[in-house]
Amino acid sequence: MASQLLPLELIDKCIGSKIWVLMKSEREFVGTLSGFDDYVNMVLENVTEFERTTEGYATTQLKQILLNGNNISMLVPGGDGPQ
Amino acid sequence: MADTVQPKKTPSDFLGAIIGHPVLVKLNSGIIYKGVLACLDGYMNIALEQTEEYANGQLKNKYGDAFIRGNNVLYISAAE
């Protein structure tokens, strides 16, 4: 029987690779995952922030961020973002 | 798996590295605060010095010292 992989173990495997983070609001982030903690606060590098507006996506580039885990709704390993 | 090539950088490591440096703090409301990170805690409560408040990309206010309650923080970014 295959051993079970816990959700946070899956995220741990994503460290060093790209990840797509979707927030509860109309906001998304794509970046390289450097690390995270038990609250899924995340350290991301070379980040693109996407904010959905009526005219499309507004993007912002950020070198390194600590993203508060409180408003994260979904993580997509290897994801390339909404565009 | 324990000895992966890339170094892990947990939120605590990141915060330890940026204390005393210029940072950009974005709130859930979209308002941005730029300043020097004086200190912070596990709630992401933040004390900033030489703070500049930006709304819609425009400078709105300046504060010598500012305290930001952690529940409003969307992210903390190391300023370039």
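Reader: What makes strand β4 of chain A and β5(B) a pair, and in which sense do they run?

Author: In this predicted model, strand β4 (residues 56-67) of chain A and β5(B) are joined over 3 bridges in the antiparallel sense. Two strands pair if DSSP finds at least two bridges between them, and these two strands have 3 bridges, so they count as paired. Within this pairing, A:L66 stands opposite B:I76 in β5(B).

Reader: What is the sheet made of, and in which order do the strands lie?

Author: The open sheet is formed by 10 strands, with antiparallel pairing, in the order β5(A)-β1(A)-β2(A)-β3(A)-β4(A)-β5(B)-β1(B)-β2(B)-β3(B)-β4(B). Direction ignored, neighbouring strands of this sheet are turned by 30° against each other on average.

Reader: What makes the link between A:E49 and B:K26 a salt bridge?

Author: The closest N and O atoms of A:E49 and B:K26 are 3.0 Å apart, and the cut-off for a salt bridge is 4 Å, so this link meets the distance condition. The count between chain B and chain A is 1 salt bridge, while 10 residue pairs are in polar contact, both residues being at pLDDT 80 or more.

Reader: Which parts of chain B supply the side that touches chain A?

Author: Both α1 (11-18) and β5 (73-78) of chain B supply at least two residues each to that side, and the largest share, 6 residues, comes from β5(B). By class, this side of chain B has 11 nonpolar, 6 polar and 4 charged residues.

Reader: How many residues make the contact, and how much area is buried?

Author: The contact takes 21 residues from chain B and 22 residues from chain A, and about 1800 Å² is buried between the two chains, with carbon and sulfur atoms giving 57% of that area. In chain B, the residues that lose the most area to chain A are B:P11, B:L74 and B:Y75, which together account for 29% of what that side buries.

Technical notes
Residues are numbered from 1 along each chain as its sequence is written. Chains are lettered from A and ligands numbered from 1 in the order in which they are written. This is a predicted model: local features need pLDDT of at least 70, side-chain atom pairs count only at pLDDT 80 or more; totals for chains, interfaces and linings use all residues. Side-chain values use heavy atoms; hydrogens and water are left out. Helices (H or I, at least four residues) and strands (E, at least two) are DSSP runs, numbered from the N terminus. Axes are lines fitted to C-alpha atoms, for helices over the stretch in contact, and angles run from 0 to 180 degrees between N-to-C directions. Contact means heavy atoms within 4.5 Å. Buried area is the accessible area (1.4 Å probe) that two parts lose on being put together, summed over both. A salt bridge is a side-chain nitrogen of Lys or Arg within 4 Å of a carboxyl oxygen of Asp or Glu. A polar contact is a pair of N or O atoms within 3.5 Å; within protein, one must be able to donate a hydrogen and the other to accept it, and residues adjacent in sequence count only if both atoms are side-chain atoms. Ala, Val, Leu, Ile, Met, Phe, Trp, Tyr, Cys and Pro count as nonpolar, Asp, Glu, Lys and Arg as charged, and the others, Gly among them, as polar.
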